[in-house]
Amino acid sequence: MDDLQTIRAETLAAIGAAGDLRALDAVRVAALGKSGRVTGQMKTLGGMAPDQRKEFGALINTLKGEIEGALSARKVELDRAALSARLENERIDVSLPARPERVGHIHPLSQTMDEVCAVFGEMGFVWAEGPDVEDDWHNFESLNFPPDHPARQMQDTFFLPPRADGMPMVLRTHTSPVQARTLLDPATQKMLKAGGSLRVIVPGRTYRVDSDQTHSPMFHQVEGLVIDRVTHMGHLKGCLTDFCRAFFEIDDLPLRFRPSYFPFTEPSAEVDIGCSWKGGELRIGAGDSWLEILGCGMVHPNVLANCGVDPNEFQGFAFGMGIERIAMLKYGIPDLRTFYESDLRWLRHYGFNPLDVPSLTGGLGR
Ligand code: DAH
């Protein structure tokens, strides 16, 4: 009897003292395992008289139940403690600033495209895109390029094997084919017929057989297209003046619209922005020099007709500019080739904070 009391007291104390699940299991084995103390007591039952065996057996069973209950209660306690310890250790402080060296940077080309889209977005333009691998019809023919136009020749264009139907394929030499793709879209035609106006902005990659300090075989352009029944050259001037002033963040930036030629516009113009080269340093804004930054014009009636839009009813303007060029001018990046070198030091210097939201007042204003 005494012995059962001792086993009970010692085992229950050991259960209470077990600091983890392993220690608790050791207590279980020491009491209830094959050679445990309680099991040892059970083994003595065989040599007892029936009456004694009945009484003693009942006591051992009670003790066994008590120990099992204490074991599982302690297990629940230990599990709960282990969970709270884990929650405590694994807690992350979301208010801690990220380590600066771990933050990546937005490439200046991506930033510039985002800024251009943000400015035109404010004016109601929507984003559109087209394929880099383009067919000759969209890249040239639809845009009113004369058959012998130099842009079609080998030295300018990357030609690809023709399509199954014989159509010559190229890497698009400009984003202008997306003008044709957008105009031909049945949704556009339906919208125009219903009295709506089309305003799209198309940033994307373009390709030409050209490689030197200021030309790369792959570069980026952004195209714009506005079509409705009333848009005229005055709107073109206003829109592009507003854009240039917002993009370069100079409210009185002087602009010059210089007559030019593009097959897909008539009349056509190139836009120059004012600048000065005082002390050999380029400053954008008032000055006595001009820098060309984009091409534009009223969409040629042939382009509209080629794309199933009646030129007697609809008109509008288009423009296109090189992203690298305006990024270099805005951010003072001297060498075009560095855009594609993936030099981390360059990217840390010229790159942008990924958490910044490009806006009308983004960029330089940071
Ligand atoms: N596609 C022309 C180029 O790559 C740029 C351009 C000029 C686009 C005038 C236009 C435009 O939409 O109207 O040189």
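Modeller: The C-alpha centres of domain 1 and domain 2 are 81 Å apart. This is a predicted model, in which local features need pLDDT of at least 70 and side-chain atom pairs count only at pLDDT 80 or more, while totals for chains, interfaces and linings use all residues. Residues are numbered from 1 along each chain as its sequence is written.

Biologist: What are the bounds of domain 1 and domain 2 in the protein chain?

Modeller: Domain 1 covers 2–90 and domain 2 covers 108–365. Such bounds come from an automatic or database domain assignment.

Biologist: Why is Ala246 called buried?

Modeller: A residue is buried if 20 or more other C-beta atoms lie within 10 Å of its own, exposed if 12 or fewer, and partly exposed in between, with C-beta atoms placed from the backbone. Ala246 has 22 other C-beta atoms within 10 Å, and is therefore buried. Ala246 belongs to helix α9 (residues 233–248); helices (H or I, at least four residues) and strands (E, at least two) are DSSP runs numbered from the N terminus. Between Ala246 and Phe120 the C-alpha to C-alpha distance is 9.8 Å, although they are 126 residues apart in sequence.

Biologist: What makes a set of residues a nonpolar core?

Modeller: The set must consist of buried Ala, Val, Leu, Ile, Met, Phe, Trp, Tyr and Cys residues joined through C-beta atoms within 7 Å. The largest nonpolar core has 50 residues, and Ile227, Leu240, Phe243 and Cys296 have the most contacts inside it. Helix α9 gives the largest share of this core, seven residues. A second, separate core has ten residues, including Leu24, Val38, Leu63 and Ile67.

Biologist: Which residues does Ile227 touch, not counting residues up to four places away in sequence?

Modeller: Among them are Leu192, Leu198, Val299 and Phe314. Contact requires C-beta atoms, placed from the backbone, within 7 Å.

Biologist: How do you know that strands β8 and β10 pair?

Modeller: Two strands pair if DSSP finds at least two bridges between them. Strand β8 (residues 265–276) and strand β10 (residues 289–299) have nine bridges, in the antiparallel sense; Cys275 has Ser289 in β10 as its bridge partner. Strand β10 also pairs with β11 (residues 315–322), antiparallel, over four bridges, and Gly297 has Ala318 in β11 as its bridge partner.

Biologist: Why are β2 and β3 called edge strands?

Modeller: In the open sheet of three strands, the order is β2-β4-β3, with antiparallel pairing. Strands β2 (133–135) and β3 (159–160) each pair on one side only, and are the edge strands. Two bridges join β3 to β4 (residues 169–171), with Leu160 opposite Met169 in β4.

Technical notes. Two residues are in contact if their C-beta atoms, placed from the backbone, lie within 7 Å.
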